[in-house]
Amino acid sequence: MRKKMSLKSERRGIHVDQSELLCKKGCGYYGNPAWQGFCSKCWREEYHKARQKQIQEDWELAERLQREEEEAFASSQNSQGAQSLTFSKFEEKKTNEKTRKVTTVKKFFSASSRVGSKKAEIQEAKAPSPSINRQTSIETDRVSKEFIEFLKTFHKTGQEIYKQTKMFLEAMHYKREQSIEEQSECTQDFYQSVAERMQIRGKVPSEKVEKIMDQIEKYIMTRLYKYVFCPETTDDEKKDLAIQKRIRALHWVTPQMLCVPVNEEIPEVSDMVVKAITDIIEMDSKRVPRDKLACITRCSKHIFNAIKITKNEPASADDFLPTLIYIVLKGNPPRLQSNIQYITRFCNPSRLMTGEDGYYFTNLCCAVAFIEKLDAQSLNLSQEDFDRYMSGQTSPRKQESESWSPDACLGVKQMYKNLDLLSQLNERQERIMNEAKKLEKDLIDWTDGIAKEVQDIVEKYPLEIKPAAQPLAAIDSENVENDKLPPPLQPQVYAG
């Protein structure tokens, strides 16, 4: 290579000092001006050192910013004035640290000829990150601290994961205007790329990969929750209201109609049913998809225990699904469709496709679909009874007094007696209304019949009305109208 360089220089008539072409590190190989005078081997070494130094600086910066955030939050509890001052100082420090770090790295890696582009990049780096002005909640601060402490145990792998996660959150900040399907696809791609990188490049065991992915999901979804849960661009809220209205209309469905093998008169079974309802309702209070799945799993396990106690044998899948439907009808969980959509869009796909969490979540989706399409045939009822129950005209929940056990609560007995009385009054009122409507119809028909008969008689025997006769004149009045009458008699006097 040395000889070849000399021949080219001699042909061009240019004297080249061979020592100027050697690697700057003094390894004896020729350097490349594009690599700032280093040879390929030394360039890779310097690049690796700079890369490690950058990762270490990012890690130290993250820890320092976390401490400053905690101090700023603690000081905010004392006074409002101190809060604004501390936060402004913290923002200035964070901006300066970010600018210094980016400028130093770009000075090392950028070529000397790119002065204009380098100035533009430095000015761009001085612009504060959109995450600086973000107000974090107490739960977000706690999750961030737990995430950093968890990654410390993985050293270099943890540093790389933290950097990738921060880059992903910054990218999602600029994708808020996109559709929820695009945001979901981006999140799923991030899960897959991080898991593959840890397995292939980092040689991390699959058990640790699952734990790391759970922590990553917890960290990013806690921060993105208020932007991606039930967004305004979707019809999730409309579906929530529809399913809630549907469940309220089906409040009359009994366990016997669904063939639920659960006896709530057993105290232990009743407690399990209450716990299952509590867990399915608690799902809405969680932010992380994995935590929501955990609520569904706990609810399902309580259902299996209730069936097992009732039947004195392990429960089967045929017994589980009807009982889950009954629990959903009885609990009416808030924002049910939004929670299902949120888990489907942003949960780690490996958790949904395998394991008991995925199995129980699939059953919950089936239960919701069954409730939406439930009809009279599904409950072995006639369409007339189903319509009456749906309209609230009557209820199938009444029991006879002799069927009560001696230990039954007096308040419950009185409640069912009142319900029975209301049901009887409702049936009596319904009969009266039907008879009143029938009487009204009979009166209308009778009136129409009489009017028709009168019309027929009038048409058959029409009335001929003759003009009125002229009035007779008085016998002693002057008859000027009729000249044919003789003149009136005049009195005569005879002499005699």
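Which residues make the nonpolar surface patch of about 520 Å²? Val412, Met415, Leu419, Leu421, Leu422 and Leu425 make this patch, where a patch consists of residues with over 30% relative accessible area and no salt bridge, nonpolar side chains (Val, Leu, Ile, Met, Phe, Trp, Tyr) being joined within 5 Å and like charges within 9 Å. Accessible areas come from the Shrake-Rupley method with a 1.4 Å probe, and for residues only the protein chains shown count as cover.

Before I go on, this is a predicted model, in which local features need pLDDT of at least 70 and side-chain atom pairs count only at pLDDT 80 or more, while totals for chains, interfaces and linings use all residues. Residues are numbered from 1 along each chain as its sequence is written, and side-chain values use heavy atoms, with hydrogens and water left out.

A search of the whole structure finds 18 salt bridges. One of them joins Arg298 to Asp279, with the closest N and O atoms 3.8 Å apart; Arg298 lies in helix 13 and Asp279 in helix 12, so the pair ties together parts that are 19 residues apart in sequence. Arg298 is partly exposed at 35%, whereas Asp279 is buried at 8%.

Arg335 and Asp284 form another salt bridge, at 2.9 Å between the closest N and O atoms, and this pair links distant parts of the chain, with Arg335 in the loop between helix 14 and helix 15 and Asp284 in the loop between helix 12 and helix 13, 51 residues apart. Arg335 is partly exposed at 34% relative accessibility, while Asp284 is buried at 15%.

Lastly, there is a network of salt bridges that links Asp214, Arg290, Arg351 and Asp357.

Technical notes. Salt bridge = Lys/Arg side-chain N within 4 Å of Asp/Glu carboxyl O. Helix = DSSP H or I, 4+ residues; strand = E, 2+ residues; numbered from the N terminus. Buried < 20%, exposed > 50% of the residue type's maximum accessible area, 1.4 Å probe, protein only.
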